[in-house]
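The sequence and structure are shown first.

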Amino acid sequence: MQDSNVISLPVASATGAIAANLRVGIDSNGEAVLASNNSDFLGTLLQDVDGTVAADGSHGRNIAGIQLKGSGTHYATASGVIAVGAKVDPDTNGKVVSTVDGSAAVGTALEAAASDGDIIRVVFN
């Protein structure tokens, strides 16, 4: 058996558009959804997806490439100011935020973020 650090999943139709570099999970139908916390965090989305599904139920090109969380350095979207080396927590919209106490940290920032929406490199636990 060959393991891979990247998987492909269809995107749940109810999810809508998801931007690249946000944290995603998997729902009970086996489809990618935006991760709202650490417990449902599978990995980070590698490209933008629009979340549309054809009338016949097919996903067409709406397939998400996901880098699994335990695999190397990820690009992640910051939810505010983050210092280099800071421990990061998940927030409710798929982004990462600098942790207050480190107890729920999901990773470490390898780059600084100056504002919401900045893309930084992160190593996830």
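## Basis of the description

Helices (H or I, at least four residues) and strands (E, at least two) are DSSP runs, numbered from the N terminus. Residues are numbered from 1 along each chain as its sequence is written. The model is predicted, so local features need pLDDT of at least 70 and side-chain atom pairs count only at pLDDT 80 or more, while totals for chains, interfaces and linings use all residues; side-chain values use heavy atoms, without hydrogens and water.

## Glutamine 67

Strand β5 (residues 63–68) contains glutamine 67. This residue is buried, at 14% relative accessibility (buried: under 20% relative accessible area; exposed: over 50%; partly exposed: in between; 1.4 Å probe, protein chains only).

A polar atom of the glutamine 67 side chain lies 2.7 Å from the backbone oxygen of serine 71. The side chain of glutamine 67 also reaches the backbone oxygen of threonine 73, at 3.2 Å.

## The aromatic pair

The structure holds one aromatic pair (ring centres of Phe, Tyr and Trp, the latter by its six-membered ring, within 6.5 Å; planes under 30 degrees apart are stacked, over 60 edge-to-face, the rest tilted). Phenylalanine 41 and phenylalanine 124 form this edge-to-face pair, with 4.8 Å centre to centre and 70° between the planes. The pair links distant parts of the chain, 83 residues apart: phenylalanine 41 belongs to the loop between β3 (32–34) and β4 (43–45), and phenylalanine 124 to strand β10 (residues 119–124).

Phenylalanine 41 is buried, with a relative accessible area of 5%. Phenylalanine 124 is buried, with a relative accessible area of 5%.

Definitions and conventions. Polar contact = N/O pair within 3.5 Å; in protein donor to acceptor, adjacent residues only side chain to side chain.
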